[in-house]
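Here is a brief report on one protein model and its ligand. It covers the ligand shell, the nonpolar cores and some backbone details.

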Amino acid sequence: MDSWVAPPIPDLPGTGLPLRLFDTATGQVRPTAPGPTARMYVCGITPYDATHIGHANTYVSFDLINRVWADAGHEVHYVQNVTDIDDPLLERAVATGQDWRAIADRETALFREDMAALNVLPPREYIGAVESIPSVAGYVDELRERGDVYSVDEDLYFRVRNDPHFGSVANLDIETMLRLFSERGGDPDRPGKEDPLDCLVWQSARPDEPAWDTPLGHGRPGWHIECAAIALDFLGMTIDVQGGGSDLAFPHHEMGASEAQRITEEYPFARHYVHSGMVAWQGHKMSKSRGNLVFVSALRHEGVDPMAIRLALLAHHYRSDWAWTPHGLEGAAERLARWRAAVALPTGPSAQATLARVREVLADDLRTPSALDAIDAWAHAALTAGGDDPEAPGLISHMTDALLGVRL
Ligand code: 5CA
Ligand code: ZN
């Protein structure tokens with residue numbers, strides 16, 4: 001699949017600090033320790049509806065990781081998927097009388113536009129589930145040969161307990177695992193399963209549903225194995241960051257890690273499991289299934305500057321859950337205008353200490369609210385007391401673009 005066009009990243013003097021990130025598996029903020037090339041897989045959208053603010057928050061969060069690593073001198077190999085075949089997409093197609101492929105193509109195109117508008121760096125590989133079906137089938141076959149897969153009717157299930165590390169991503173008790181599995185696409189009560197938590201890796205063709213011919217038969221992949229397969233194909237084992245919103249920690253990232261660990265007989269799948277918080281609207285988590293959505297494209301069409309949207313997101317730490325408000329967006333637009341006015345001045349107060357402070361707080365688990373405070377302080381000083389450094393406005397403007405993705 002085509003990714004979107006990479007925006008330029010301004011050069012900054014010096015280098016950034018090594019990035020420390022909260023890891024869900026260990027429950028701690030730990031240093032990331034990538035080699036020269038940092039490897040990151042972030043779960044992409046299921047394209048049955050347009051990009052909402054919750055999605056934008058997630059992809060902007062991981063974009064910061066990309067930018068902070070690049071500033072610290074790493075190449076970043078970033079891979080993202082598109083779940084372009086799954087139950088919600090087929091349900092939407094039936095409900096609207098449209099072809100599922102047309103919905104997926106249209107919403108994926110809109111997502112690319114929204115990401116480019118929000119100045120999100122594109123993944124090097126942007127991979128659809130449909131184009132990955134031969135690869136997924138190959139991995140399921142390997143699992144089957146090793147005794148990690150069994151059939152229920154014509155469908156294939158992964159024996160999660162064959163991975164001795166199963167449970168170590170989200171660290172949940174069994175009741176919570178069962179509840180979340182059932183809420184998030186799993187089928188704990190299906191008769192014939194050996195363990196209620198075993199997850200579907202291959203679903204045989206159902207009447208009136210799309211299906212593909214593979215050595216496993218006529219059908220389509222389960223959800224978790226799709227991401228495990230794409231990550232293994234393009235990044236290999238033991239990636240630096242597996243990422244997504246916090247609703248993906250269990251079961252999606254737990255199952256995907258166990259599948260990859262059984263396929264490769266290596267551990268761990270990822271050094272960090274990183275999860276961004278959930279954005280709510282009208283009292284509930286913004287979700288396509290509930291329909292309480294604020295679309296990025298709708299705001300853009302109303303004339304909202306995408307950089308104001310981005311700043312409204314960055315005002316919250318990426319791990320916190322928060323509620324979208326029009327007031328928050330107004331505050332972000334005002335901040336953007338202040339910053340723009342300050343960098344438009346011919347001179348300003350020295351910006352070196354601000355750059356150092358922004359690098360410091362971003363490297364410490366992406367503390368964006370503190371980064372915005374530091375830039376606010378510089379802008380306030382520039383607009384009130386002024387300064388005589390002719391380099392400073394340009395440096396601030398390059399920094400907010402390179403590190404925060406906010407183009408002034
Ligand atoms: N295609 C799968 C991942 S393989 C999927 O979860 N797609 S999604 O379209 O439902 O979500 C895409 C990303 O947005 C996920 O990382 C999800 O955690 C995140 N997300 C969804 N809703 C919200 C929300 N309200 N706030 C923050 N992030 C959200
Ligand atoms: Zn995924």
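## Ligand shell

The model is a predicted one.

## Polar contacts and cover

On the nitrogen side, Thr-58 places a polar side-chain atom 2.9 Å from a nitrogen atom of ligand 1.

How much of the accessible area of ligand 1 does the protein cover? On its own, ligand 1 has 600 Å² of accessible area, and the protein covers 94% of it.

## Nonpolar cores

The largest nonpolar core has 72 residues. Ile-53, Ile-65, Trp-324, Trp-378 and Leu-404 touch the most other members. Helix 1 is again the main contributor, giving this core nine residues.

Neighbours within four places in sequence are set aside here. Its remaining contacts include Ala-342, Val-343, Gly-348, Pro-349, Ser-350, Ala-351 and Thr-354. Ala-392, Pro-393 and Ile-396 are also in contact with Trp-378. Another core, of 44 residues, lies apart from the largest one. Among its members are Ala-137, Trp-202, Ile-225 and Phe-269.

## Cis peptide bonds

Most peptide bonds are trans. Where are cis bonds found here? One runs from Phe-250 to Pro-251, with omega near 5°. Another runs from Tyr-267 to Pro-268, with omega near -5°.

Pro-251 is part of helix 7 (residues 249-264). Pro-268 is in the loop between helix 7 and strand 12 (270-276).

## Positive phi

Most residues other than glycine have a negative phi. Asp-208 is not a glycine, yet its phi is positive, at about 65°. Asp-365 also has a positive phi, near 60°.

For Asp-208, the loop is between strand 8 (199-204) and strand 9 (212-214). For Asp-365, it is between helix 11 (352-363) and helix 12 (368-384). Is each one buried or exposed? Asp-208 counts as exposed because its relative accessibility is 81%, over the 50% cut-off. Asp-365 has a relative accessible area of 3%, under the 20% limit, so it counts as buried.

## Ser-182

Ser-182 lies in helix 5 (residues 174-183). Its relative accessibility is 43%. That value falls between the 20% and 50% limits, so Ser-182 counts as partly exposed. Ser-182 and Leu-197 are 15 residues apart in sequence. In space, their C-alpha atoms are 9.2 Å apart.

How values were computed
Residues are numbered from 1 along each chain as its sequence is written. Chains are lettered from A and ligands numbered from 1 in the order in which they are written. This is a predicted model: local features need pLDDT of at least 70, side-chain atom pairs count only at pLDDT 80 or more; totals for chains, interfaces and linings use all residues. Side-chain values use heavy atoms; hydrogens and water are left out. A polar contact is a pair of N or O atoms within 3.5 Å; within protein, one must be able to donate a hydrogen and the other to accept it, and residues adjacent in sequence count only if both atoms are side-chain atoms. Accessible areas come from the Shrake-Rupley method with a 1.4 Å probe; for residues, only the protein chains shown count as cover. A nonpolar core is a set of buried Ala, Val, Leu, Ile, Met, Phe, Trp, Tyr and Cys residues joined through side-chain atoms within 4.5 Å. Buried means under 20% relative accessible area, exposed over 50%, partly exposed in between (1.4 Å probe, protein chains only). Helices (H or I, at least four residues) and strands (E, at least two) are DSSP runs, numbered from the N terminus. Contact means heavy atoms within 4.5 Å.
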